[in-house]
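Me: I would like to go through the terms used for this structure. Please set each value against its definition.

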Amino acid sequence: MAQRTLDDDVLEVGRQVAAALPRAHRPLQALDDRAMELTTQDAELRAALFRFVDVAPACRSLDDLATHLTSFLEEVPEPAPPLAAAMKVGRTRVGRAALGAAAARGVRHMAHRFIVAQTPAGAQRTLRALWADGIGVSVDLLGEATVTSQEADGYAERCAQALDALAAGHASLPARPVLDADSRGALPRANLSVKVSALTPLLRAEAPEQGRRDAAPRLRELLRRAHSLGAHVHVDMESLDSREAVTDLVLDLLAEPGFRDGPSAGIVLQAYLRDSPQLLDRALAWARETPRAAPLVVRLVKGAYWDHEVVEARQHGWRAPVFEVKAQCDRNFEALTTRLLEARPLVRVAVVSHNLRSVAHAVAVSRRLGAPDADLELQVLRGLGDDLGHALAACGLRVRAYCPVGDLVAGMAYLVRRLLENTANESFLHEQAEGTPLEELLAAP
Amino acid sequence: MTELAPFANEPTLELRRAPVRDELLAGLARVDRELPLRVGPWIGDDRRDGDELMSTDPGAPGRVVAVAASGTAQEAAAAVTTARASFPAWAATPAAERAAALLRAAAHLRERRSELAALAVRECAKPLADADADVCEAIDFLEYYARGALALERGPALLQVPGERNELRHVPRGVCAVIAPWNFPLAIPTGMAAAALATGNTVVLKPAEQAPGCGLRVVEALRAGGVPAGVVALLPGPGETGAALARHPEVATLAFTGSLAVGRELLRTAGDVGDDARQLKRVVAEMGGKNCVIVDADADLDEAVPAIVASAFGYAGQKCSAAARVLAHEAIHDALVARLAGAVEVLETGQADAFATDVPPVIDREAQERVVRYADLAAGGGELHGAGRALPREGWFCAPAIATGLPDGSPVLRDEVFGPLLAVEAVSDIEEACDRVDALPVALTGGLFARNPRTVARVAQRSPVGNLYVNRAITGAMVGRQPFGGNRMSGTGAKAGGPEYLAHFVESRTVTENTMRHGLVV
């Protein structure tokens, strides 16, 4: 009998997870998905709707909202009948009020799919429900861009309050062994994702030490707070322009003697970056030289700034720093997954993907290395990976949902990025919706 | 010559990567070892040194960057005479050969990128990234105009009917005096000279008196590329040297970038050609602006604030394209002012050779005094935010500041300050903003932050400016992508880095030949 290959294992895990996916979509979500599918097919309509969603929170009245909507729709060359009807309605004041109200409802509805609540306290019910389903959370505070010191202080203050609220909210939750510990020990329940670009107005691509120096005191305070609360702080990665500042900042701070015993903290590795293997080298070397009570958590993601990176590189005449072929990126994701899993227990590993193949691959590799499933965290994005997250939890895997919290104005940039991702032609979610066979979806990239 | 690849902008350095930054700093260290440069008139093969003119580091005025001999009236005359004598041969040189020389000059610059950027850092306090961009733009102009001259030589398609052959030819005008500014000390002199040379004119380059070192490097590159010694001369000096060139009867074209006052003087001089003149002088002038950014109620302030700050305070506001006024919709005016003021507070004022510097010193003491004068005016008439910071004792530093609540008619809203001072005004709607822009005599660049496509269309239609930027910073025009130049009192309308620029450096001749003989087409 031929030896069992890794791909055999991946297929098996993938089938098991797929079988746990809910058969029937929730009706409201199915409606969203249909709307998104429609926009995927029509680039102009998609652009018009994204631009509308983007500007919606800045509109001053329902009339203003309707005026914007019809202005965007005017740019769609051959509007479908419902759109033409909307534009006609928008010609009168009364019509605009109705259209504006409907549009506002639509945007709010879409936003709520991705954004849990306005505040961490308000998110408590959702977090509790997820926990009951075997899913932990990492809360991300959405906010306006930070361009002043006051805004940086304000964000840091909101983060501190979020840590308090999350610690308090999680204290009373029942035990969930798969979420509460791995073989290295106890896992913090309260988990906050933090953005360095919001902690300082001074992130400069060509002067990383500026932003690092300015953000350090604010992040240090948050780490101290997290330490005293037993919470985890995860520092998000954004575009390549800030990577050096973010990496240096986090690794320097965590190496400070005051943080040797905690808190648990982590960084992000973006697999779409061609040089991501070198960043992993650095993180692992750092972890070897910097013994800490709580090992560094490395969250592996594909990366959410692909368009930005490609466009910026094209405008400057640079080679794109990201893989431009999806299969190359997927292969790199798997190679990094394997290296990370092999590096345990030096680091803790969180793998973020909505691609069933990538997730099943991580689980299969982890098992082949002889590790218990609790030694691998799988993360999904609230709103996009809900079904997958529940299926993974149902299979007994350790799952965390990344949950953005914030008001609508602040959330728009995030929302538009997520929508774009969801309607990209090559996305796994799209292919899955299209009915691509499971074996094909689970094939090696 | 083999077919040229299509034009592409020279990539700027990817300074977000540490090794690339180190390379640029290494270039700076090499340049520091060879300062001060010796510069002087360089006419044909004759060079003269002297020390009448000195350029110093605006951030450390004790550091001498270049010691220069100032071109005398006699030297101006000699330079023009040499250029005139060299003109027929250069004009007769095939465009492809002239283009090849410019492309070799571009390669020469490309091989010395760090050192050239470093010189702009030292001589003009160009921050490192801006200095690198200046070198790239110089290369772009050479590459772009070389290709443009080849296209121009091919000539446009004219209507042809049987029995007649029509041709439109473009021929060079003669000697071109290039009078250049210090704020883009490599790119702008290179650009104006390259346009003249590519089309077959000969050139006398007078760099700004604050930047003779950069001027020397430009002429060195052109000559290294194979532009004959007689075809391009360097004539450093103060304003009088430029005036002497402008007056000279054998100067056919004046290519000028600088202030409105000097531009008008040159236009007057050029207009007064005298009774014996055999050719009218043509002036290609790029002058000042009072550039306004309109921010509508639906603008994304997260994007508008950083873009406005970069436009107003980058290079200490010393770009002709820099933002000077913000016209903010009253619904967002207060929020915008608060965020702008906070963003200005965290700007790093410092030496141009530090990557962290946002606002370098201004060019000289006179500029510093001017900025202070207008800041005082703004503080008197309205409210000044951000002027209180401590500044280095040495060097021509100015605190970046925002002025609000200025009365209509304040000189701060009218004059070009050319420094890190930005005025913000409230408007009741977009039409009022457009009215205010329209009331200005200058019309160089403008900006708009708005998300309704109808607003964008309306402002684009009403805006008189030469370059309108929507939802982005208003500085940083790229060769071949944003042809650059102002309207009204901002310039003569030539668009540098655009497809029509070279037309200003040539005369057009239509040749029509009858091809009928004895009733037959032959």
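Reply: A crossing is left-handed if the near helix is turned anticlockwise from the far one by less than a right angle, and right-handed if clockwise. Helices (H or I, at least four residues) are DSSP runs, numbered from the N terminus. This is a predicted model, where local features need pLDDT of at least 70, side-chain atom pairs count only at pLDDT 80 or more, and totals for chains, interfaces and linings use all residues. Residues are numbered from 1 along each chain as its sequence is written, and chains are lettered from A and ligands numbered from 1 in the order in which they are written.

Me: What is the hand of the crossing of H15(A) and H16(A)?
Reply: The crossing of H15(A) and H16(A) is right-handed, the clockwise case.

Me: Why is H15(A) called roughly parallel to H16(A)?
Reply: Helix H15 (residues 326-343) and helix H16 (residues 356-368) of chain A pack at about 25 degrees, with axes 10 Å apart. Angles under 35 degrees count as roughly parallel, over 145 as roughly antiparallel, 65 to 115 as roughly perpendicular and the rest as oblique. H15(A) is therefore roughly parallel to H16(A).

Me: Which residues of H15(A) and H16(A) meet?
Reply: Among them are A:Phe333 and A:Leu341 in H15(A), and A:Ala362 and A:Val365 in H16(A). Contact requires C-beta atoms, placed from the backbone, within 7 Å.

Me: How many residues of domain 1 of chain B are in contact with domain 2 of chain B?
Reply: 16 residues of domain 1 are in contact with 18 residues of domain 2. The C-alpha centres of these domains of chain B lie 31 Å apart.

How values were computed. Axes fitted to C-alpha atoms, helices over the stretch in contact; angles between N-to-C directions. Helix = DSSP H or I, 4+ residues; strand = E, 2+ residues; numbered from the N terminus. Contact = placed C-beta atoms within 7 Å. Domains from an automatic or database assignment.
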